[in-house]
Amino acid sequence: MSIQNLLDSDITQDEFLRENNATLLFKKLPIEIGGLIVRKNDINIIIINDYLSDNDKRKAFLHEITHLELGHTYQYRMLDNNSDIYEQEVDNYINNLNYD
């Protein structure tokens with residue numbers, strides 16, 4: 001199941017998370033961090049900044065699940081020199097999705 005299936009309402013958010021072995025948490029993070037995704041014990045943990053507006057939370061969630069769909073949870077490291085490349089790849093992917 002892809003992000004496009006989620007955006008097209010072919011699947012629910014819960015179904016998407018379950019299919020991707022992911023859980024969604026809302027935590028108070030520094031304001032400059034919209035969200036992040038970490039993988040622990042084969043579970044993808046998506047954390048969204050609870051300080052964000054509802055609209056910005058949706059955008060952050062879309063951004064983080066795009067990292068998941070592109071496989072960045074397996075190769076991404078906090079100090080990885082390719083993080084800018086991964087962020088650009090996510091932005092390009094999102095720009096090509098069909099959603100309102």
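User: Why is D42 called exposed in this structure?
Analyst: In this predicted model, D42 has a relative accessible area of 52%. Exposed means over 50%, so D42 is called exposed.

User: What makes the contact of D42 and R39 a salt bridge?
Analyst: Their side chains meet at 3.5 Å, N to O. The cut-off is within 4 Å, from a side-chain nitrogen of Lys or Arg to a carboxyl oxygen of Asp or Glu. The pair therefore counts as a salt bridge.

User: Why is R39 called partly exposed?
Analyst: R39 has a relative accessible area of 32%. Buried needs under 20% and exposed needs over 50%; R39 lies in between, so the term is partly exposed.

User: How do you know that K57 is buried?
Analyst: The relative accessible area of K57 is 17%. The limit for buried is under 20%, so K57 is buried.

User: What makes K28, D50 and K57 one network?
Analyst: Salt bridges that share partners join them. D50 pairs with K57 at 3.2 Å, N to O. D50 also forms a salt bridge with K28, where the closest N and O atoms are 3.6 Å apart. Both values are within 4 Å.

User: Why does the K28 and D50 pair tie together separate parts of the chain?
Analyst: K28 lies in the loop between strand 1 (22-27) and strand 2 (35-40). D50 lies in the loop between strand 3 (43-49) and helix 3 (54-69), so the pair ties together parts that are 22 residues apart in sequence.

Methods:
Residues numbered from 1 in each chain as written. Predicted model: local features only at pLDDT ≥ 70, side-chain atom pairs only at ≥ 80, totals over all residues. Heavy atoms only, no water. Helix = DSSP H or I, 4+ residues; strand = E, 2+ residues; numbered from the N terminus. Buried < 20%, exposed > 50% of the residue type's maximum accessible area, 1.4 Å probe, protein only.
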